[in-house]
There are 2 protein chains.
Amino acid sequence: MSKITTPTVTTGPLPASRKVYLSGTAHPAIRVPLREIAVHPTAGEPPVTVYDCSGPYTDANATIDIAKGLPRHRTGWALASGDVEEYDGRSVRPEDNGNLPAEKLTPAFPVVNRPLRARAGKAVTQLAYARAGIVTPEMEFVAIRENLGREALKTALERDGEPFEAEIPDFITAEWVREEVASGRAIIPANINHPELEPMAIGRNFLTKINANIGNSAVTSSMAEEVEKMVWAIRWGADTVMDLSTGRNIHNIRDWIIRNAPVPIGTVPIYQALEKVDGIAENLTWEVYRDTLIEQAEQGVDYFTIHAGVRLRHIPLTVDRVTGIVSRGGSIMAKWCLHHHRESFLYEHFDEICDICRIYDVSFSLGDGLRPGSIADANDRAQFAELETLGELTKIARAKDCQVMIEGPGHVPMHKIKVNVTKQQQLCGDAPFYTLGPLVTDIAPGYDQITSGIGAAMIGWFGTAMLCYVTPKEHLGLPDRDDVKVGVITYKIAAHAADLAKGHPAAQLRDDALSRARFEFRWEDQFNLSLDPETAQLYHDETLPKEAHKTAHFCSMCGPKFCSMKISHDIRAEAQKEGMAAMAEKYRAGGDLYMTPEEIAAKAEPAE
Amino acid sequence: MSKITTPTVTTGPLPASRKVYLSGTAHPAIRVPLREIAVHPTAGEPPVTVYDCSGPYTDANATIDIAKGLPRHRTGWALASGDVEEYDGRSVRPEDNGNLPAEKLTPAFPVVNRPLRARAGKAVTQLAYARAGIVTPEMEFVAIRENLGREALKTALERDGEPFEAEIPDFITAEWVREEVASGRAIIPANINHPELEPMAIGRNFLTKINANIGNSAVTSSMAEEVEKMVWAIRWGADTVMDLSTGRNIHNIRDWIIRNAPVPIGTVPIYQALEKVDGIAENLTWEVYRDTLIEQAEQGVDYFTIHAGVRLRHIPLTVDRVTGIVSRGGSIMAKWCLHHHRESFLYEHFDEICDICRIYDVSFSLGDGLRPGSIADANDRAQFAELETLGELTKIARAKDCQVMIEGPGHVPMHKIKVNVTKQQQLCGDAPFYTLGPLVTDIAPGYDQITSGIGAAMIGWFGTAMLCYVTPKEHLGLPDRDDVKVGVITYKIAAHAADLAKGHPAAQLRDDALSRARFEFRWEDQFNLSLDPETAQLYHDETLPKEAHKTAHFCSMCGPKFCSMKISHDIRAEAQKEGMAAMAEKYRAGGDLYMTPEEIAAKAEPAE
């Protein structure tokens with residue numbers, strides 16, 4: 001085995017930011033992270049509190065040691081329930097890492113823990129607890145996170161949005177979270193073997209979440225790069241991360257990732273199963289797949305993407321498509337089905353998959369193997385035939401207390417987006433929807449974070465609970481660290497725009513704080529309140545780098561004479577000098593040249 | 001005067017592209033440019049024809065000499081009408097260039113032409129001709145451009161979109177263009193003094209257009225940079241360009257730009273007027289402004305942004321806004337009005353402005369001086385009060401045969417976007433709408449091409465005719481050449497996504513051609529058909545640079561074993577080997593395990 005070189009990751013708070021922890025009441029030991037962004041004292045404003053998924057890496061007081069992993073703070077919660085037991089897990093086998101010779105093997109994660117599973121007859125999923133009327137520590141954790149500390153503000157918030165089918169309360173309680181999970185409208189992906197997790201919820205009545213994809217391929221990348229990608233992705237706002245590795249060392253790389261991940265980790269188990277049969281899809285078997293599920297569940301994977309909706313009968317529906325089947329997992333299963341002339345083993349063994357997931361609380365992400373990969377294929381029969389099957393499987397999974405979310409497209413022109421949400425809600429019992437974009441046009445490889453960011457913002461507004469990011473490298477190659485950041489920022493924009501449009505009660509606080517900073521020329525506050533303070537400052541400083549420029553009442557766009565905000569301040573000063581009322585008096589004699597706001601309001605068309 | 005250093009600009013076709021010219025029938029002398037993108041012979045497909053606003057710069061056969069300007073091909077058209085006369089124009093004065101000493105002056109453009117204007121009693125605007133039932137060369141030029149050479153394809157095109165109030169014909173005739181202009185639903189911005197122009201139309205029933213802003217500020221940039229920015233912007237797809245210069249040398253810089261611009265050039269005359277009064281808004285007068293209009297009209301500016309809707313009575317409505325007045329022109333006029341306690345001189349002298357515009361055919365872009373500059377201010381009373389005034393002014397301008405488009409927001413959350421279009425159509429007699437974004441959230445300076453690209457795609461779908469771009473430098477500084485490109489590509493994405501969603505009959509052809517290339521691993525075709533072939537190839541080559549990789553059936557995202565498109569091809573080969581019908585036969589005995597597409601169609605829910 002090669003010598004362990006502990007990967008370095010990016011640590012430290014973002015500018016003007018500090019991490020605060022709020023405690024629970026029902027569960028006093030929980031510590032819920034939020035981020036406070038301070039503004040300049042002259043503003044006379046409190047810090048702005050924002051949701052924070054970046055984990056201890058941005059906590060100035062935390063000590064990070066990647067070879068030790070994050071604190072396993074949830075272990076006590078699971079054990080306290082009395083519903084779980086430790087046991088001797090499955091041993092790691094050479095095929096788990098692609099049968100590499102020792103000198104090419106990624107080192108195993110240095111700390112080994114015995115896995116937990118449900119005791120016989122016990123139900124340990126968040127769904128089971130929710131149905132039983134129990135508010136778990138995870139549920140309370142989620143409630144505190146989602147409130148963003150706004151309890152103090154709740155009387156001041158006006159609601160203004162178009163939420164469609166979403167129903168977002170002014171103020172979130174742990175009991176309400178329990179109801180959302182019990183109904184299946186939300187999931188809390190939280191494998192009992194991932195005790196490093198800071199729990200979060202995915203559902204249309206919660207803040208819109210985003211996922212970042214990482215993982216190596218046979219062509220490129222390594223464990224060190226992938227661990228840093230995970231830390232980097234969550235630093236910028238990824239709420240979950242999927243490890244989509246398809247190369248070597250899949251097991252060991254995943255260990256290093258999960259042990260250091262404060263966010264839910266998702267995988268697509270069929271990838272590793274395919275590696276175990278040397279990449280020959282026809283050689284996949286249920287047994288290999290089942291073993292892979294257990295292997296990954298014991299490691300702590302929080303959700304599995306499973307393409308059980310790609311049934312044999314659906315495959316002919318893809319034959320005339322422009323881009324065929326664009327899902328890796330979907331194409332692998334389709335190949336297997338056709339070769340064997342048999343129904344998908346994922347579909348046939350779905351009950352058994354549920355039996356595995358329920359004893360660890362691994363959530364389902366029912367895969368959209370037949371999603372459209374081009375505008376021409378959008379909303380076609382293949383896509384919706386699979387969605388019907390996913391609806392059927394959702395019922396089966398829930399009957400076994402398994403949490404379920406549904407994956408979605410893809411490439412969809414704007415006018416066809418909304419019906420995707422409507423159909424998914426109807427067919428899949430309002431399970432959370434988790435889409436990839438969608439891309440609203442095919443013509444811009446190199447910019448697909450933008451083509452998909454447009455569709456993602458819209459589909460998030462319509463009720464999609466989580467948006468899977470797309471980077472500039474989509475269709476062209478494996479994303480690197482820079483691509484990961486651009487993808488994450490783009491999807492934070494889409495998710496936040498969706499929250500604003502839905503009328504989420506806390507969303508606009510950040511826009512308003514930043515706009516006030518902008519208007520008052522508090523340049524550093526404007527940067528610090530933005531999604532990417534470093535880039536905002538870098539762009540500003542390209543043309544105005546001096547310290548004095550940070551309080552200048554202009555930038556290089558317009559210069560000192562033409563800055564509209566500067567002139568707006570002049571206008572307000574002028575107006576105050578005169579007094580608006582005095583001006584009105586002056587001109588009332590001369591007719592309606594100048595009216596007061598009240599008079600204008602009485603005459604004018606009401607604002608929408 | 002400093003020595004003339006002719007600026008260098010970017011020339012040469014885009015990859016695999018050649019420029020073709022189509023002739024007119026009613027006007028045989030016109031030469032309408034289109035771009036053909038060739039694909040690999042193995043595809044067995046014709047070249048893809050796309051709209052081309054990049055001018056002679058991308059014509060391999062053209063000789064470019066910036067100091068001579070582009071061919072003045074429209075001069076004959078104007079003179080042939082008999083409605084115009086040459087005359088001795090206004091002389092350039094030192095204040096036109098900010099009273100700079102000779103050694104700091106940008107050199108005057110080397111070629112001087114006498115301007116044209118309408119003969120007494122003659123109407124020379126496209127609107128006047130359209131109303132008189134005359135199909136001008138400009139109208140036919142536009143019709144040929146907008147058809148994209150699709151006459152041959154017209155029987156093959158299915159219509160699939162949600163156009164809202166737009167009505168896009170399958171095939172565009174010059175007579176139909178005339179009707180659109182006569183109705184006011186479209187404009188053809190084409191100053192008779194801009195004979196280098198390749199005419200284009202702006203209207204909701206035409207392809208969605210985009211504008212790029214260039215221009216110096218007091219802080220930075222120069223004539224050479226601005227001319228290259230213009231050429232660079234149109235290379236990537238900008239349909240019009242606005243010169244928003246606010247620094248020195250405004251007159252001379254504009255000359256160099258217009259003489260070399262194949263696209264309409266817009267300006268905001270109040271900027272230069274303000275420079276003439278040394279930046280002191282209170283010292284503006286109608287006379288200085290009037291003189292500036294004539295100066296710019298004689299140079300050939302195709303459209304003027306005029307903030308005549310910022311009336312004295314509207315200003316109090318902005319006092320409680322979060323970001324006040326964010327329009328340069330709007331804030332300048334507001335300052336003037338308040339200081340003098342008088343109605344806007346633009347509003348009061350609007351008739352006279354029309355009289356100037358009509359004798360040169362300068363189109364109005366009625367400015368949104370009170371657009372919202374933050375989410376908090378979106379759709380407020382100030383914004384819509386101004387829009388009502390713009391509606392009133394539209395009627396006055398059209399009564400004088402002036403072409404009019406209406407500017408729009410701004411910062412608007414997604415749920416408030418559509419009502420902007422509805423109100424504008426109702427209040428402004430369906431004049432073309434020309435919006436800046438809108439940005440759907442304030443929280444991402446550094447990424448405002450994305451925050452606004454989302455809103456732009458949506459508002460374009462709803463019927464906005466032209467989208468004004470935003471670059472990554474928005475709110476932070478003056479954009480450079482790289483920013484210009486990113487802004488243009490982003491807005492081409494938004495405009496094309498809007499065309500797709502509206503069901504424009506030719507839009508999807510490009511998406512389909514690119515997706516076929518992608519599916520068939522014709523990598524270079526995929527790059528060449530995209531909006532930015534160089535970037536697409538660069539990103540691909542970061543991880544797979546070798547020539548052999550350009551025909552590889554995978555990329556570094558998934559590698560050879562996991563490429564879903566590769567596997568899709570395997571699936572199709574397998575299916576053909578067996579024959580789908582044979583497979584169906586095989587299993588029919590065993591029940592419905594495997595059904596034919598027809599059987600599935602009969603059972604399944606119809607695709608939307």
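**View 1. Polar contacts link chain A and chain B.** Across this interface, 36 residue pairs are in polar contact, both at pLDDT 80 or more. A polar contact is a pair of N or O atoms within 3.5 Å; within protein, one must be able to donate a hydrogen and the other to accept it, and residues adjacent in sequence count only if both atoms are side-chain atoms. Helix H20 (residues 564-578) of chain A gives the most to the side that touches chain B: ten residues. Helices are DSSP runs of H or I, at least four residues, numbered from the N terminus. The model is predicted: local features need pLDDT of at least 70, side-chain atom pairs count only at pLDDT 80 or more, and totals for chains, interfaces and linings use all residues. Residues are numbered from 1 along each chain as its sequence is written.

**View 2. A salt bridge joins B:Asp160 and A:Lys416.** Their side chains meet at 2.8 Å, N to O. The rule finds six salt bridges across the interface of chain A and chain B. Each is a side-chain nitrogen of Lys or Arg within 4 Å of a carboxyl oxygen of Asp or Glu.

**View 3. The two chains touch.** Here 144 residues of chain A contact 143 residues of chain B, with heavy atoms within 4.5 Å.

**View 4. An axis relates the copies.**

Technical notes. Chains are lettered from A and ligands numbered from 1 in the order in which they are written. Side-chain values use heavy atoms; hydrogens and water are left out. Helices (H or I, at least four residues) and strands (E, at least two) are DSSP runs, numbered from the N terminus.
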